[in-house]
Amino acid sequence: MNISFYLIPKSELCYIYEEETVGKGLDTIHQKGFQAVPVINKEGKYCGTVTEGDFLWALTIRHYNDSDELMHFPLSMLPKRWDYKAVSVEADIAELDQYIINQNFVPVVDSRGIFIGIITRKVIMSLLLKRYHRMVEKYGEDEVRGLND
């Protein structure tokens, strides 16, 4: 099954440019209330994902003399603790398995590496629950539960 059906497009998302400062990135995450936000470059290519934890770790690991200095650094210099892997829009939904378990969302790129959106864990969980309920309706709950044995 093609993943594009489950894609939340870039136009509906919050993202940060890697050229922005750490301070600007932190403001964006704080204002929007997200825990993680995709990072792209000027050409629109996916560069990674920055998390609240990345900012916190940067402030606490003492690599920076003070927080004011850190706030003016380019976001691209911020160490990232998680590597949010992107998948191609041509990927099959089964290819998300290895990522969606450990990531809140999976970034999606086109054939040129251009960021086009995300697929959230919530969407995948909803899909799986719908399929489960359809199977229960068709085969009965006891029969479906027996598939796990």
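## Largest pocket

In this predicted model, the lining of the largest pocket is made up of nine nonpolar residues, three polar residues and one charged residue. The pocket itself has a volume of about 280 Å³, and of the 13 residues that line it, those closest to its centre are Leu13, Phe34, Ala36, Phe105 and Ile118.

## Helix α2 and its buried face

Helix α2, which spans residues 52-60, has Asp54, Phe55 and Ala58 as its buried residues. When the helix is viewed down its axis, these buried residues fall within an arc of 100 degrees, so they line one face of α2.

## The segment before β1

Asn2 is found in the segment that precedes β1 (8-9), and with a relative accessible area of 37% this residue is partly exposed, because that class lies between the cut-offs of under 20% for buried and over 50% for exposed. Leaving aside residues up to four places away in sequence, Asn2 touches Val89 and Ala91.

Asn2 can also be placed relative to Met135, from which it is separated by 133 residues in sequence and by 21 Å in space, C-alpha to C-alpha.

Methods:
Residues are numbered from 1 along each chain as its sequence is written. This is a predicted model: local features need pLDDT of at least 70, side-chain atom pairs count only at pLDDT 80 or more; totals for chains, interfaces and linings use all residues. Side-chain values use heavy atoms; hydrogens and water are left out. On a 1 Å grid over the protein atoms alone, a cavity is a set of points where a 1.4 Å probe fits but cannot get out, and a pocket is an open set with protein on both sides within 12 Å along at least five of seven lines; lining residues have an atom within 4 Å of a point. Grid points are joined across faces, edges and corners, and a volume is the space filled by probe spheres set on the points. Ala, Val, Leu, Ile, Met, Phe, Trp, Tyr, Cys and Pro count as nonpolar, Asp, Glu, Lys and Arg as charged, and the others, Gly among them, as polar. Helices (H or I, at least four residues) and strands (E, at least two) are DSSP runs, numbered from the N terminus. Buried means under 20% relative accessible area, exposed over 50%, partly exposed in between (1.4 Å probe, protein chains only). Contact means heavy atoms within 4.5 Å. The arc is that of the directions from the helix axis to the C-beta atoms.
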